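Dear colleague,

Please find below the structure I promised to pass on to you. My notes on what was found in it follow directly after.

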Amino acid sequence: MAGRTIKVDYLARVEGEGGLKVVVRDGKVQSAELSIFEPPRFFEAFLRGRAFTEAPDITARICGICPVAYQMSAVHAMENALGISVTQPLRDLRRLLYCGEWIESHMLHVTMLHAPDFLGYAGAIDMARDHGEAVRRGLAVKKAGNEILALLGGREIHPINVRVGGFYRAPRKRELEPLAERLKWARDAAREIVRWTARFDFPDRERDYTFVALRHERDYPFNEGRIVSSRGLDIPAAEYDEHFEETHVERSTALHSHLRGGGSYLVGPLARYSLNFDRLSPLAQEAAREAGLASRCTNPYRSIIVRAIEVLYACDEALRIIGVYEEPELPSVAAVPGAGIGVGATEAPRGLLYHRYRLDADGTIAEARIVPPTSQNQPSIEEDLTSFVGGFLDRPEDELRRRCEQTVRNYDPCISCAAHFLRLDLDRG
Amino acid sequence: MAAEKPRPRLAVWKFASCDGCQLSLLDCEDELLAVADAVDIAYFQEATRGTISGRYDLSLVEGSITTAHDAERIQEVRRRSRKLVTIGACATAGGIQALRNFADVQEYASVVYARPDYIRTLATSTPIADHVPVDFALRGCPINKRQLVEVLAAFLVGRRPVTPPHGVCIECKLKGAVCVMVAHGTPCLGPVTHAGCGALCPSYDRGCYGCYGPKETPNALSLSAWLAALGMDERALQRVYRSFNADAEPFRKESERHGG
């Protein structure tokens, strides 16, 4: 057997459409390519000419799984352009909304999309026949996240209550209180889910990643902080373009991001966790230690544990916010249109999400740029495949294919976002 | 134990979209396992590794047609499906990506991509019904998951789903919500927009922005006069109809009357 090609035409259990091609020559992986064939939708083009106030609702439609991330990066970019900042209760409410999205999105991935890879099922519905309790528990925690989104955002998908400057309507304190009961249950359940995922069998694969995430002076990052890396980068979001660049490859409707001067990097739960372990709540840190994780994790397969830890953290943080919440005098601060350039970088469930807008004097969007996490991770996913798949080449075709898919799903790739993703094609010559 | 009756086969298909409408099925946390008991989820790429084979009793189709490949694929989906239901604004009206229908797609590609020559796409984003017969259309950007469960339940017993085609105004009245337009002077598309959301935006002190698309017999001409009286200029009037259901006919026609 001189060589072969592993091909997955349409990768399942990822959000969107993509394929994967791995070329093997003389028993070694020569190349691995992700092709994203999600049809392009041209958001950056049709945002031009729209009012700055429309960006949160329009960009939410890039992704049904993480619309809050798009709304948050958009509002922060607009507020940056217009020179306004929100009050503390509004800042807290934005963190609370983001907690809801992390819980919902991570639980979808951990329980429904990723766990079947570790336990050997085609999907969560098959898995439920043997692991019914685990699936029901995962769905119930996911529901707790969705309840935050439904109350604070109006609905789970494409929330309607987010605006530049804050919210249309701020919740009453007594409206938030019923959420606390379920969140206390969800926090305990998330701790069990951390233990459950920690018992999975993990391939012994590590890579020396360049992690990139936000870092805030006090908090585990959602909306605020400087962009830092595990190799010493420490910049404000406004300098993003000076340090990162996107290139366009023919096989993909998604752009690929690199550090200027070369090199792939990794955003998302592993990066956030490894760069911000000290900002996690004591409970989340304790759960991580109990799961056998150090304060830095470089095994991408263990990202499933890290997601469960972030769910635990998000439940904890949501409970903290609900506890200290004081109703704001006004649900939003006034946003007066004006010319300017604004950037916003926030932590989507899948990692750093960067928006940049240029506004005309009347607040019309003249230029828009959006860099989603999956574009940034794409080179790193391909490098993981190149370095890891070699170790599985002696396995039967079907298992090899499953390993490749699992490796890609470590990233919870969101192709709908990035095409703006999967087939597996393994070429052994 | 009695012999198991074969369960109807369900398929979920994705075209150009955000994945949000099919996610609504996974968001039915309390109903999902019951649905999986009642129907055989035979093809659902977002949730499970399965392969396309045979015929499906019910296909849920998300997304719009924006590539030549997808224009062919929808024909194959229709051939394999006994009933075909479109879910959401993309599948039903072309979605936000139908804004290209009012512009030059080549220019769009050159704005987003360094190598627009790598991009294969159609000049338009079109709803599924422009390509194949559709048995039922569920509205919304995104769809309401309770309405999705109603569509599945109705299909299982062979009746038509109950999704009222009246306006959001009726939902406000049913809910006892204060009219944001009359009481606060907030521009609202509720009078011309299809019900289904439960009057969400007005309940949050915000005007409806039309994400469920046009209701039956909308009088957008009249609404525009009211919106203008509330201070919306010609460009804003054009934009307000050109969002998630921009190419739904009543909204498209009204938007073409404005812009100045």
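This is a predicted model: local features need pLDDT of at least 70, side-chain atom pairs count only at pLDDT 80 or more; totals for chains, interfaces and linings use all residues.

A:Glu147 forms a salt bridge with A:Arg182, and their closest N and O atoms are 2.8 Å apart. This pair links distant parts of the chain, since A:Arg182 sits in helix H7 (residues 173–198) of chain A and A:Glu147 in helix H6 of chain A, 35 residues apart. A:Arg182 likewise counts as partly exposed, at 27% relative accessibility.

Salt bridges within the chains

In general, side chains of opposite charge can pair when their charged atoms come close. Over all chains, the structure holds 60 salt bridges. One of them joins the side chains of A:Arg91 and A:Glu224, at 2.5 Å from N to O. A:Arg91 belongs to helix H4 of chain A, while A:Glu224 is in the loop between strand S6 (212–215) and strand S7 (226–229) of chain A, so this pair ties together parts that are 133 residues apart in sequence. The two partners can be described by their accessibility: A:Arg91 is buried, with a relative accessible area of 12%, whereas A:Glu224 is partly exposed, with a relative accessible area of 30%. Both residues belong to a network of salt bridges that links A:Arg91, A:Arg95, A:Arg218, A:Asp219, A:Glu224, A:Glu317 and A:Arg320.

B:Asp135 forms a salt bridge with B:Arg78, with 3.2 Å between the closest N and O atoms. B:Asp135 lies in the loop between helix H5 (105–112) and strand S5 (136–138) of chain B, and B:Arg78 lies in helix H3 of chain B, so the pair ties together parts that are 57 residues apart in sequence. B:Asp135 counts as partly exposed at 30% relative accessibility, while B:Arg78 is buried, with a relative accessible area of 16%.

Helix H3 (residues 68–80) of chain B also contains B:His69. B:His69 is exposed, because its relative accessible area is 52% and the cut-off for exposed is over 50%. The C-alpha atoms of B:His69 and B:Tyr241 are separated by 29 Å, and the two residues are 172 residues apart along the chain.

The contact between the two chains

How many residues does each chain bring to the contact between chain A and chain B? The contact takes 71 residues from chain A and 60 residues from chain B. Together the two chains bury about 5,600 Å² between them, and 60% of this area is on carbon and sulfur atoms. Between chain A and chain B the count is eight salt bridges. One is formed by the side chains of A:Lys142 and B:Glu29, at 3.0 Å from N to O. There are also 26 residue pairs in polar contact between chain A and chain B. Several helices of chain A each supply at least two residues of the side that touches chain B, among them helix H1 (43–46), helix H5 (124–130) and helix H13 (397–409). Helix H6 of chain A gives the largest share of that side, nine residues.

The two domains of chain B

Chain B is divided into domain 1 (9–157) and domain 2 (168–256). The C-alpha centres of these two domains of chain B lie 25 Å apart. Their contact takes 16 residues from domain 1 of chain B and 17 residues from domain 2 of chain B. The two domains bury about 1,200 Å² between them, with 56% of it on carbon and sulfur atoms. On the side of domain 1 of chain B, the residues that lose the most area to domain 2 of chain B are B:Phe102, B:Arg139 and B:Cys141, which together make up 45% of what that side buries. Across this interface of domain 1 and domain 2 of chain B the rule finds zero salt bridges, but seven residue pairs in polar contact.

The nonpolar cores

Which residues touch the most other members of the largest nonpolar core? Of its 169 residues, these are A:Leu183, A:Tyr273 and A:Tyr357. Helix H4 (residues 88–119) of chain A gives the largest share of this core, 15 residues. Domain 1 (9–157) and domain 2 (168–256) of chain B both give residues to this core, so it lies between them. Another core, of 18 residues, lies apart from it and includes B:Met181, B:Ala199, B:Leu227 and B:Tyr241.

With kind regards

Terms used:
Residues are numbered from 1 along each chain as its sequence is written. Chains are lettered from A and ligands numbered from 1 in the order in which they are written. Side-chain values use heavy atoms; hydrogens and water are left out. A nonpolar core is a set of buried Ala, Val, Leu, Ile, Met, Phe, Trp, Tyr and Cys residues joined through side-chain atoms within 4.5 Å. Buried means under 20% relative accessible area, exposed over 50%, partly exposed in between (1.4 Å probe, protein chains only). Helices (H or I, at least four residues) and strands (E, at least two) are DSSP runs, numbered from the N terminus. Domain bounds come from an automatic or database domain assignment. Contact means heavy atoms within 4.5 Å. Buried area is the accessible area (1.4 Å probe) that two parts lose on being put together, summed over both. A salt bridge is a side-chain nitrogen of Lys or Arg within 4 Å of a carboxyl oxygen of Asp or Glu. A polar contact is a pair of N or O atoms within 3.5 Å; within protein, one must be able to donate a hydrogen and the other to accept it, and residues adjacent in sequence count only if both atoms are side-chain atoms.
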